[in-house]
Amino acid sequence: VQLQASGGGLVQAGGSLRLSCAASGGTFSTYHAGWFRRAPGKEREFVAAINWSGDNTYYADSVKGRFTISRDNAKNTVALQMNSLKPEDTAVYYCAVLVRGNPAVHEYDYWGRGTLVTVSS
């Protein structure tokens, strides 16, 4: 499975960005998907996840109410809409898929290259 994230960039605090991740290979519609991020000098952290059907979503407390994860299985894509961005959201964002397990807790199987999001104050 190959994953390609896009949509990162520079935005002012309070602004919005939409990240997209395109999957190829495998059967994306049967996989759970998630977004993670790594801020400068910090470890990678979970941001949001969505189950294979899109019926269930999960969010880190730090982004709840501001970020929305969604997927389009017909297009093999998963998106992360980020609103009310804060400087502390600055990070490299990664999309990933999980073949089987709990998308909120399990280690993911496939990872894409990240896309940089920079939020200026």
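Predicted model: local features only at pLDDT ≥ 70, side-chain atom pairs only at ≥ 80, totals over all residues.
Figure 1. The C-alpha trace spans about 40 × 25 × 25 Å along its principal axes. For 121 residues, a compact globule would have a radius of gyration near 14 Å, and the 13 Å of this protein agrees with that.

Figure 2. Of the 121 residues, 41% are buried. The accessible surface comes to about 6,200 Å², and carbon and sulfur atoms account for 46% of that surface. If you are thinking about charge, there are 12 positive and 9 negative side chains, and the centres of these two sets lie 4 Å apart. Contacts also reach along the chain: among those between residues at least 6 apart in sequence, 56% join residues at least 24 apart.

Figure 3. Strand 11 covers residues 115-120, and Thr 115 is found in it. Thr 115 counts as buried because its relative accessible area is 9%, under the 20% cut-off. Have a look at the side chain here: one of its polar atoms lies 3.1 Å from the backbone nitrogen of Gly 8. Gly 8 is also in the list of residues that Thr 115 contacts once neighbours within four places in sequence are left aside. That list includes Ala 5, Ser 6 and Gly 7, as well as Leu 19.

Figure 4. Ala 91 lies in strand 9, which runs over residues 91-98. With a relative accessible area of 1%, Ala 91 is buried. Not counting residues up to four places away in sequence, Ala 91 touches Thr 115, Leu 116 and Val 117, along with Arg 37, Arg 38 and Ala 39. For a sense of scale, follow the C-alpha atoms from Ala 91 to Phe 46: these residues are 45 apart in sequence and 12 Å apart in space.

**Figure 5. Two loop residues with positive phi.** Here are two places worth a look when you check the backbone. Asn 76 sits in the loop between strand 7 (67-72) and strand 8 (77-82). Although Asn 76 is not a glycine, its phi is positive, at about 55 degrees. Its relative accessible area of 27% makes Asn 76 partly exposed. Ser 84 is placed in the loop between strand 8 and strand 9. Ser 84 is a residue other than glycine too, and its phi is positive, near 50 degrees. At 41% relative accessibility, Ser 84 counts as partly exposed.

Figure 6. Gly 101 belongs to the loop between strand 9 and strand 10, the latter covering residues 110-111. Is this glycine buried or partly exposed? Gly 101 is partly exposed, with a relative accessible area of 32%. Once residues up to four places away in sequence are set aside, Gly 101 touches His 32 and His 106.

Notes:
Residues numbered from 1 in each chain as written. Heavy atoms only, no water. Rg over C-alpha atoms; globule rule 2.2 N^0.38 Å. Buried < 20%, exposed > 50% of the residue type's maximum accessible area, 1.4 Å probe, protein only. Contact = heavy atoms within 4.5 Å. Areas by Shrake-Rupley, 256 points an atom, 1.4 Å probe, with all protein chains shown as cover. Lys, Arg positive; Asp, Glu negative; His and termini not counted. Charge placed at Lys NZ, Arg CZ, Asp CG, Glu CD. Helix = DSSP H or I, 4+ residues; strand = E, 2+ residues; numbered from the N terminus. Polar contact = N/O pair within 3.5 Å; in protein donor to acceptor, adjacent residues only side chain to side chain.
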